[in-house]
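Here are my notes on this one, in the order I'd go through it with you. Have the viewer open while you read.

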Amino acid sequence: MPREAAGGAAAPRDPAGRLIRRWEGLILVLLVTVTLWASAGVDGFANASNVSFLLLDTTEIALMALTMTLVVVAAEIDLSVASTLGLSCAVLGWLWNAGLAIELIMPICLLTGALCGAVNGVLVTRLGLPSLAVTIGTFALYRGLAYVILGDQAVADLPPAYTGLATQTFGPVPLATVLVAVLAALAATVLHATGLGRSIFALGANEEAAHFAGVRVKRIKFWLFVASGACAALASLVYTFRYASARADNGVGLELAVVAAVLLGGVSIFGGRGTLPGVLMAVLLLGVVRNALILADVANEVLNFVTGLLLVASVLAPNLGAIRRRRHLPTPSEGKSVP
Amino acid sequence: MTTRTPWRRLALLTGLALMATACAGTTRSDVTQQTSAPAAPASSAAADPNAPIKQGLKIAFLPKQVNNPYFTIADEGGIAALKEVGGEGKEVGPSEASASSQVSYINTLTQQKQDAIVISANDPNAVVPALKQARAAGIKVVSYDSDTAPEGRDLFVNQASAEDLGRTEVQLLAEQIGFKGKIAILSATPNATNQNTWIEFMKDELSKPEYKDMELVKVAYGNDEDQKSFTETQGLLRSYPDLAGIISPTTVGIAAAARYLSSSPHKGKVKLTGLGTPNQLRKFVKDGTIEGFELWNPGDLGYLAGYAAAALASGQITGAEGEKFKAGKLGEYTIGPKGEILLGKPTVFTKDNIDDFDF
């Protein structure tokens, strides 16, 4: 049944689909161009250790962007991911100080993240509240809780075996990147090659239609939020071990970087459109631009300016097409939506 | 028994697995046992006190955040120091004070093969792995303003010792009130580590014979909140109408106290001193509420850190206790225990010099 729903929703969206494919092509071209430019023109960019720095720096953003892609495709958003990361770090530090084994703490952190996601999920699906408002609320709530648990102390005496693992590399490829790649393959398969993925697209494009077509809208959304929380907690483990420091303020502001990458990757903020490869390329593009500009001694303000510009362009470009089409010819899909 | 579902079995298995890992796992006590041995210093080369400062040294200043007036002045001081020795200094850094963003800057500075990194750490521990990599690549690391964990750096340029700060604040107030009368302290929180150390040294200083006519009547706590500090000042003057002076060793406290005093009949009669920044207290110094307060000079701090980094990168010093180096206009410095260099006595700001400072 979800198969039919997805097919029905996708057919009239073909022009939009082509634009999206074009957009991802554009991101790929940009990524290649910037990488080539940086390799040729920026000292210290094209070598193994810089590549591994660059990849490591994008790990947490990439991890959270995987589930964020699914959430945004389902026409929801989770702004509490970085706060969930912070809360999970705080729980880790607190339990570590209490003398628990790190191997036990790690699954507890993942459970904490999943629980955070479940709270978001319940509020959104059972109470029918908008996810933007709910997760702005839990954004403050989870971060506040992190400070309640750990205060302003830093827990730094973490086991070297694990902190070493977080910065371990195979040639230029960090172990953490392998983790990202495996999970990305999993998420891409779910989104693009399973009935569940087609249901997510369907409910993101038109929740009501998907519901009537038999998609279990609420259940899927609930579990997407749980996955988002768990992924944030996983990112918190990488973050804590990578910096060898568990603090309540870990990852402040990362949610914006995650949403930025997802939007730049061509996922529609209104749901129903987007691909995982696009998002991963966007994560890399933002990472490469940032790394190359810092290496080229470009001031931080210019850096933020360039990132902002890329983002505005990413939101504007697909919509420009839509605006133009709407002005010139009333599209069939629009005709359909009016009874 | 028949109701046992796969779910229950899964939960049971997970529980058992968790217990098993808990028994065999790594706990905090394991790690503290392993890491109790101090890390050996990275540099094994001997210092050559007569080595000339190398020309064309590239040294980067990595403050907690850029566009912060305090660090802008400190880093300008450092860049000026580098210019004096024929090197090249630059300031790079994140626009928000977070540990993780400093790490990516450390990594890029390592790529750029800077000769030294001068850093004020947002998180003393989070920057250490990256700094260790930088040091392994032959880059010297000097921390200033906020130290990193010792294994992350060669030297720490300390802006002021707790003892100097505590004693000089008492000396400053004593001169203003003529070594006579009741005084009070307006601190931050009752368990603020820095403030409590300073207050101990203040009490020790006050026990000297020259202060026999001065009496510390109360230590009040404004919790580093503006409103609470304001009310506490008010309360102090109600309880002790003949109070001669207040020391507030916190920038929030001194500003709130100044705000209260300047609008009260006690203005100019009750002396106020402590730690503050010129921009925050300029108005109160000009209108006579405050005669003088103190803080270290951030420009000198950066300048000294710049010279220390240049001396390290040139092999004049290695960071061992007792080594000496010259720091331009500031004169000669000796490295103290634990790789620390003390900037010296804090600067006193009065109406005569306050306009020379903008931070």
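1. Start with Ser100(B), which sits in helix H4 (residues 99-111) of chain B. Keep in mind throughout that this is a predicted model. Is Ser100(B) buried or exposed? It has 23 other C-beta atoms within 10 Å, and 20 or more is the cut-off for buried, so Ser100(B) counts as buried.

2. On to the contact between the chains: 33 residues of chain A and 33 residues of chain B take part. On the chain A side, the elements giving two or more residues are helices H3 (48-57), H5 (81-97), H6 (102-125), H8 (160-167), H14 (276-295) and H15 (300-328). H6(A) gives the most, with four residues. By type, that side of chain A splits into 16 nonpolar, ten polar and seven charged residues.

3. The largest nonpolar core has 204 residues, and Ala261(A) and Ala308(B) have the most contacts inside it. Helix H12 (residues 217-243) of chain A supplies the largest share of this core, 17 residues. Both domain 1 and domain 2 of chain B put in at least three residues each. As for Ala261(A), not counting residues up to four places away in sequence, it touches Ile61(A), Ala65(A), Val279(A), Ala282(A), Val283(A) and Leu286(A).

4. Chain B is assigned two domains: domain 1 (58-159 + 298-343) and domain 2 (162-295). Their C-alpha centres lie 33 Å apart. An unreviewed UniProt entry places the feature "domain: Periplasmic binding protein" at residues 59-316 of chain B. Over that range the chain is 46% helix and 19% strand, with the end C-alpha atoms 16 Å apart.

5. Finally, confidence. The model scores ipTM 0.75 and pTM 0.79. Chain B has a mean pLDDT of 88, and 89% of its residues reach 70 or more. Where is the pLDDT of chain B below 50? Residues 35-43 of chain B are such a stretch, and beyond near neighbours in sequence this stretch has seven contacts in the model. Where pLDDT is low, the predicted coordinates should not be read in detail.

Conventions: Residues numbered from 1 in each chain as written. Chains lettered and ligands numbered in written order. Predicted model: local features only at pLDDT ≥ 70, side-chain atom pairs only at ≥ 80, totals over all residues. Contact = placed C-beta atoms within 7 Å. Nonpolar A, V, L, I, M, F, W, Y, C, P; charged D, E, K, R; others polar. Domains from an automatic or database assignment. Core = buried A, V, L, I, M, F, W, Y, C linked by C-beta atoms within 7 Å. Buried ≥ 20, exposed ≤ 12 C-beta atoms within 10 Å, placed from the backbone. UniProt positions renumbered as here; feature names shortened; annotations may be inferred. pLDDT = per-residue confidence, 0-100.
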